[in-house]
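Let's take a walk through this one together, a stop at a time. Keep the viewer open as you read.

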Amino acid sequence: MPIGQATSEESSNKRITILVGLMCLFAVIVFVRLIYIQIFKHQSFVEIANAQQSRKFVIPARRGEIFVHDGNNELYPIALNQQLFLVAADPKYIKNSNEVIDKLSQYLGDTDKDELRQKLDNKNNRYIVLNKKIDDKSADEIKNLKLAGIILSPKDGRNYPEGELFAHLTGYVNNDESGQYGIEQFMNQSLAGTDGVSRAVTDSLGVPITSNENTLVKPKNGSSMVLTIDRNIQSMAARAIEDAVVKNKAESGSVIIMDPKTGAVKAMANYPSYDPNNYQDVSAKDYGRFINSSITNLSEPGSGFKVITMSAALNEGKVKPDTSYNDTGESQVEDRTIRNADNKKFGQSTMTDVIQKSLNTGMVFVLKQLGTDPNRITQKSKDILYDYIKKFGFGEKTGIELAGESKGYVKDSKAYSVDYANMSFGQGISTTSLQLTSAVSAIANGGTLYKPYVIDELVLPNGEIKKNKPSVIRNDVLSSKSAAEISEMMKQVVQKGSGWPTRMAGYNIAGKTGTAQVPKADGSGYEEKKNIGSFVGFAPVEDPKFVMLVRVDYPKVDGFAEKTAVPTFAEIAKQLFIYYQVPPNGN
Amino acid sequence: MSSAGMSLRKNQNIVKNKIRLESGPVTTILMMVSLLLILGLMYLSQVTKTSTFNYKISNLEQKQNQLQSSKDNLSIDAARLQSIAEAKKAAETAKLAQVKTVSFATAR
């Protein structure tokens with residue numbers, strides 16, 4: 001073989017070997033890369049692919065609705081669902097901002113048009129919300145305008161057909177679909193239900209397509225609720241308290257009406273109120289309107305609390321309705337002198353007189369009787385009164401199903417005697433209107449403290465109805481004899497005392513007025529020209545159908561509660577007798 | 001009958017002629033392709049059917065949502081018309097007088 005030929009063959013073999021080697025190397029590189037991608041990076045690529053090829057769709061659960069009934073057990077909705085639309089703009093596609101603003105002006109509410117024009121002219125903005133709540137009729141109108149750059153997105157909304165009437169009971173649902181105040185907040189979880197989720201493979205446009213990989217978790221709709229509130233009674237109460245506030249030039253007022261035999265709240269109205277359909281219209285200085293003052297606002301109960309102290313003494317057998325003392329118009333406790341509200345003295349007075357004439361000195365006398373020495377306030381006096389205050393439910397939340405309830409403040413029995421002397425007639429203690437109404441219910445029904453409640457029925461999404469039963473907190477607050485005695489004393493308040501405007505032929509009404517002073521914010525005594533007038537009572541005394549509390553805050557007319565709260569109580573009571581068809585007893 | 005003719009008759013039931021179906025590569029490929037085509041068509045028809053149903057379901061769901069929305073709106077209108085505020089307005093328009101005295105029948 002010639003040498004030249006051998007060299008050429010060797011060279012060719014070498015080149016082939018190198019080529020094969022390179023191909024093998026390439027194959028190995030590809031193989032290693034495949035292993036890396038398919039095994040080690042499997043999960044992350046699956047996630048990327050899923051993100052590109054499938055989408056998660058939230059299926060909103062339907063929020064439960066809220067109903068009330070009337071005397072004939074007819075149901076009326078007070079909170080319903082409604083499909084609303086959010087209107088937004090994409091300035092990039094808006095050529096003439098003036099035209100858009102002009103055409104949409106009626107749907108923009110109070111929006112500052114100059115500010116909006118500036119925003120729309122800024123093409124760097126890509127999303128400007130114009131209105132978060134447009135109904136479907138307006139949405140159709142906007143659609144028909146065919147404006148480029150205007151976006152309409154459907155969203156679930158809430159409608160309150162009764163407007164202001166039940167605002168403090170329902171609260172409202174905000175733009176984040178979260179309940180605020182009232183039942184909407186307190187029962188938010190139960191009302192909202194749980195959203196469902198659908199994960200579906202989508203086409204290139206993001207439209208879901210049929211696939212075995214699609215998954216669906218169905219939404220769980222929220223529960224609906226039927227309240228204990230009677231819409232007609234609520235209406236009477238709301239109208240009456242509005243009239244009272246206007247007539248007395250007061251700042252605010254409230255009415256609570258409760259069934260004393262169950263604790264079911266029949267009406268809870270506060271004035272001023274707000275329209276939950278347009279809650280965003282309430283200005284920052286009026287945010288207090290959102291608050292249900294019947295359960296949130298704390299105040300000194302004033303003389304209305306005297307019935308609690310007197311009940312304690314009657315139940316302990318320390319006094320009787322005809323027990324008497326000499327009212328000198330003042331009573332010395334430690335270094336303080338306690339006087340009657342009108343600075344008068346009444347001489348020899350019975351316990352019935354003490355309640356009927358609302359004598360502060362009489363309450364100090366009663367407090368002294370509770371202890372071991374009837375001539376002074378002892379530790380035992382304070383212990384017993386504190387025990388009864390707690391038994392009546394003060395200093396604790398009642399547990400009503402409404403957001404924002406306060407528990408109040410009660411000084412414990414280690415406090416000074418003068419503090420307890422003040423507490424005996426309703427000063428130096430803070431309570432909510434609901435607590436006082438609930439406590440007086442216990443007197444009305446013969447000594448049982450019920451938990452106040454507003455939810456009568458829970459209607460589960462499957463249609464099952466869960467009836468709320470009355471809940472007894474304790475049935476030994478008072479003996480029926482003591483309850484009857486204090487009721488009789490309260491009857492005298494109406495017959496002969498400050499509750500006279502509620503006197504009605506043929507009806508026995510029991511009640512107690514209270515004109516509470518308002519402590520100064522800095523704690524240095526009381527405001528001179530501010531008071532809270534209240535009247536708490538029940539009727540008919542022999543078989544109570546209702547307990548009612550009327551409160552008028554900071555009236556600008558002269559006089560005590562008999563001029564502010566009592567006439568309102570009388571007006572509502574008169575209507576309630578007709579509504580409940582309670583015939584006069586002939587006396 | 002000759003002896004040759006006899007032997008032919010004798011063997012008549014002994015010999016069986018087998019029919020052999022043989023296909024060439026072209027026939028096999030054609031059959032495979034046809035089979036694949038049929039299966040493909042069946043698959044396509046099922047997918048189309050499912051998609052149609054899916055579309056129908058989606059349409060029905062949309063309709064259901066629209067009906068639900070209309071029902072909600074009607075409920076709201078009905079509730080608003082029955083509201084206390086409306087009733088009060090109607091009473092004022094009709095100039096209804098408020099009840100002032102109520103008499104109860106007494107049992108003898």
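Start with helix α2 of chain A: of its twelve residues, the number buried is zero, so α2(A) lies largely in the open. Keep in mind as you look that this is a predicted model.

Five strands line up in the order β12-β11-β23-β22-β21, forming an open sheet with antiparallel pairing. At the edges you'll find β12 (265–271) and β21 (510–519) of chain A; each has a single partner strand, so one side of each is left without a neighbour in the sheet. Go from strand to neighbouring strand and, ignoring direction, the turn is 10 degrees on average.

Strand β11(A), residues 252–258, and strand β23(A), residues 546–553, run antiparallel to each other and are joined over seven bridges. A handy landmark here is Val255(A), which sits opposite Val550(A) of β23(A).

Helices come up against these strands too. Helix α16 (residues 433–444) of chain A lies across β11, β22 (526–539) and β23 of chain A, and runs at about 150 degrees to β23(A). Helix α17(A), residues 480–496, also packs on the sheet, where it touches β21 and β22 of chain A. Its direction makes about 75 degrees with that of β21(A).

Next, a helix-on-helix contact. Helix α11(A), residues 306–315, packs against helix α13(A), residues 360–370, at an angle of about 30 degrees, and their axes are 9 Å apart. The crossing of α11(A) past α13(A) is left-handed. Which residues make the contact? From α11(A) come Lys306(A), Thr309(A), Met310(A), Ala312(A) and Ala313(A), while α13(A) brings Met363(A), Val366(A), Leu367(A), Gln369(A) and Leu370(A). Sorted by class, that contact has seven nonpolar, two polar and one charged residues.

How values were computed. Residues numbered from 1 in each chain as written. Chains lettered and ligands numbered in written order. Predicted model: local features only at pLDDT ≥ 70, side-chain atom pairs only at ≥ 80, totals over all residues. Axes fitted to C-alpha atoms, helices over the stretch in contact; angles between N-to-C directions. Helix = DSSP H or I, 4+ residues; strand = E, 2+ residues; numbered from the N terminus. Left-handed = near helix turned anticlockwise from the far one by under 90°. Contact = placed C-beta atoms within 7 Å. Nonpolar A, V, L, I, M, F, W, Y, C, P; charged D, E, K, R; others polar. Pairing = 2+ DSSP bridges. Buried ≥ 20, exposed ≤ 12 C-beta atoms within 10 Å, placed from the backbone.
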